[in-house]
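Please look at the sequence and structure first.

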Amino acid sequence: MRKTKLHIIFIFGIIMAFACDSSKFSKEMITELKVDSLLQEMTIEEKIGQMNQLMNFVDSMPLDPYFYDLIKQGKVGSAINVFSPEMIQEMQRIAFEESRLGIPLLIGRDVIHGYRTIFPVNIGLAATFNPELVMETAQIAAMEARSEGVNWTFAPMMDISRDPRWGRMVESSGEDPYLTEQIAIASVRGFQGNDLSNKNSIAATAKHYVGYGAAIGGRDYNTTLIPETELRNIYLKPFKAAVQENVASIMSGFNELNGVPTSGNVYTIRNILKSEWGFKGFVVSDWASIKNLQVHGYAKDSLDAAQKAIQAGVDMDMCSNYYSENLKQLIEQGIIEEELIDDAVRRILTVKVELGLFENPYATSENELLTEKALDVAKKAVIQSTVLLQNKNDVLPLSKNNKKVAVIGPLANAPYEQMGTWVFDGNEENSVTPLAAIQEYLGADRVNYAPGLEISRSLDKKGFNKAINAARNSDVVLLFMGDESILTGEAHSRAMLTLPGSQNELIHAISQLGKPTVLVIMTGVIHMVEPYLKEVDALFYGWHPGTMGGPGYVDLLFGLESPSAKLPMTFPRTEGQIPIYYNHNRTGHPPSDESWVKMYDIPVKAWQTSLGNTSHYLDFGFEPLFEFGFGLSYTEFNYSDIKLSKNVISNKDSLIITAKIKNIGGVQAEDVAQLYIRDLVGSIVRPVKELKRFKRVRLNPGEEKIVEFTLYPEDLKFHNGEQWVIESGEFHVWVGNSSKASLRSEFELK
Ligand code: GLC
């Protein structure tokens with residue numbers, strides 16, 4: 001054993017020595033030399049070991065002898081969600097110092113929106129429309145995670161989500177492929193940096209490849225039926241961008257796509273991802289999704305499932321053991337070539353070399369957690385992710401001179417819940433709740449607190465009286481409602497989207513007092529909020545905000561900062577409108593205000609065709625409650641004077657679009673200027689609007705700026721089901737601060 005390892009170290013040393021003095025060896029070439037030299041030393045069992053990821057069920061030392069032996073025999077390539085840094089070190093020590101070849105482990109973890117410092121849930125980070133900020137959150141998460149020995153995260157998730165019934169919308173960046181793509185790129189950059197071997201970098205994972213968010217009925221894990229045009233123009237887009245950003249790994253999904261499960265799908269993985277796009281990283285299955293091939297009815301037994309997964313191009317098996325149990329047999333029976341195994345192992349070892357694990361697989365533990373900088377970024381993320389949906393009677397921002405403020409609701413003081421779903425390493429002790437932050441800001445003596453309901457699902461109204469009295473004895477009422485984090489996320493979809501429990505009744509009871517009332521909804525999913533708009537003056541949508549929820553809300557509520565977040569997903573008026581999203585096709589019977597005769601206005605014996613034959617609902621029309629890209633500010637922005645550098649372009653030209661944006665209100669604030677296009681006629685019908693650019697603009701009261709965007713031919717391409725095309729014809733282009741932007745110009749592509 002010692003001989004072999006010395007042999008490996010010797011070879012690595014030779015490679016490094018030789019390469020160091022001749023600059024013609026690129027980093028990639030050195031990595032390739034190392035990986036190939038290692039591969040030649042490996043037995044088939046050791047190769048298959050690298051493709052095997054295990055869950056360590058026990059976190060307390062000493063390591064279970066079963067796992068100890070597996071790692072020592074080189075039968076484990078990665079461990080997942082090991083929650084004790086001490087255990088991580090021990091597992092790495094065994095792999096690196098006791099196994100025959102000393103190949104370190106990939107230590108994978110769901111570091112989804114923070115590690116110890118918890119940022120808003122991802123749908124909230126998307127609402128910032130601020131990729132630079134999202135990158136900062138990923139950088140901090142990577143630094144904190146790596147310091148405790150984690151070197152790989154299963155993020156960013158980039159599933160396009162058009163259905164708010166889907167509980168995992170909380171992890172997504174919403175309904176738009178461009179916004180999702182920009183957030184995905186920023187997240188990969190943040191996690192990976194520009195050198196994976198840096199002690200502040202961890203390998204990222206683009207997931208869940210592909211189309212998982214199109215689950216029929218919004219029911220998690222359900223069937224997805226996606227035509228090639230939608231697959232290419234919507235669902236694959238963020239993944240292609242992540243691959244171009246050199247994401248280290250891709251996670252295949254749980255969903256069956258057009259009859260073929262994505263974790264056994266040759267077309268999407270081997271053909272598109274690895275061949276067409278030239279993806280060089282590795283593909284990891286989702287949790288036992290290789291085993292699920294049997295459950296789907298796509299594989300008849302574990303041998304068949306392992307065969308289908310490896311042939312599809314899944315390189316690592318997350319926790320089903322199907323690879324470790326079957327791959328050797330598949331080779332011995334000549335059913336699969338050993339080259340498939342070598343390719344998978346090469347990909348996995350390449351990431352391990354790039355991470356610098358052969359030089360040092362151990363935690364750096366130099367990085368501090370929960371630094372002041374991390375908490376500042378976390379607070380900024382809360383401020384820029386919380387969407388102001390209504391502000392009647394200018395009740396906001398609140399004055400600090402309010403003598404008494406009532407703080408009511410089951411989420412007002414819920415430090416664990418406000419962290420949101422997918423939090424393994426955050427501690428509720430570090431959370432600053434809205435109650436604590438408001439008491440800190442105003443002085444506890446000026447705050448009347450009453451939860452009103454014990455938890456979001458409580459039906460017991462015994463706490464109502466105390467809450468109503470707290471409100472009655474106050475000048476202004478702040479309601480913090482929403483969901484426990486467990487009501488969002490994986491496997492947690494819902495058919496009805498009203499707030500759970502007796503929250504509706506509590507909001508109604510408080511609204512009867514006629515006090516200035518602000519409702520903050522803290523959740524990870526979209527609720528039907530139309531009924532509340534009549535009952536409260538102001539409404540904030542505060543996606544589970546993480547560690548600094550309270551301080552971020554205080555700055556918004558009391559006007560230290562103006563809201564600037566925008567909706568990354570359409571808010572329906574009722575579940576019956578779902579799916580409803582802004583970038584829809586026009587249909588041959590597009591609805592309009594004129595065409596919709598409201599159901600209760602329809603005269604008796606109305607003539608069959610008297611109601612207009614357009615695509616709307618008799619009872620709920622066709623408009624959402626709030627559109628994609630919408631969000632209020634404490635000031636107002638006016639967009640004017642849109643100009644194009646040309647009105648006719650060829651498919652070689654770029655196009656510059658400018659517009660004036662003016663702050664016509666009384667406070668300094670940021671807006672998110674958004675640019676949309678519409679391709680009026682195509683060889684397949686094109687969406688009525690498509691977001692193509694956005695940028696944040698900060699303006700003082702009265703200040704005016706020119707906002708400038710550049711479009712390239714690449715932005716006008718689409719896949720017509722056969723190939724990528726760019727077609728001549730007329731385009732509309734809008735600039736504004738929501739998908740209802742009306743400032744429009746036109747250009748022609750010749
Ligand atoms: C889960 C999720 C995936 C996660 C993985 C590891 O089932 O689908 O997003 O990264 O398993 O926890």
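His208 lies in strand E5 (residues 205-209), where strands (E, at least two residues) and helices (H or I, at least four) are DSSP runs numbered from the N terminus. The model is predicted, so local features need pLDDT of at least 70, side-chain atom pairs count only at pLDDT 80 or more, and totals for chains, interfaces and linings use all residues. Residues are numbered from 1 along each chain as its sequence is written, and side-chain values use heavy atoms, without hydrogens and water.

Most residues other than glycine have a negative phi, and most peptide bonds are trans. The bond from Lys207 to His208 is cis, with omega near -5 degrees. Another cis bond runs from Met61 to Pro62, with omega near 0 degrees; Pro62 is in the loop between strand E1 (52-55) and helix H4 (65-72).

Two non-glycine residues with positive phi are listed here.

| Residue | Phi | Relative accessibility |
|---|---|---|
| Asn81 | about 50 degrees | 5%, buried |
| Asp394 | near 45 degrees | 63%, exposed |

Buried means under 20% relative accessible area, exposed over 50%, and partly exposed in between (1.4 Å probe, protein chains only). Asn81 sits in the loop between strand E2 (78-80) and helix H5 (85-98), and Asp394 in the loop between strands E11 (387-391) and E12 (405-408).

The axes of helix H17 (residues 434-442) and helix H21 (residues 549-557) come within 7 Å and cross at roughly 55 degrees. Axes are lines fitted to C-alpha atoms, for helices over the stretch in contact, and angles run from 0 to 180 degrees between N-to-C directions.
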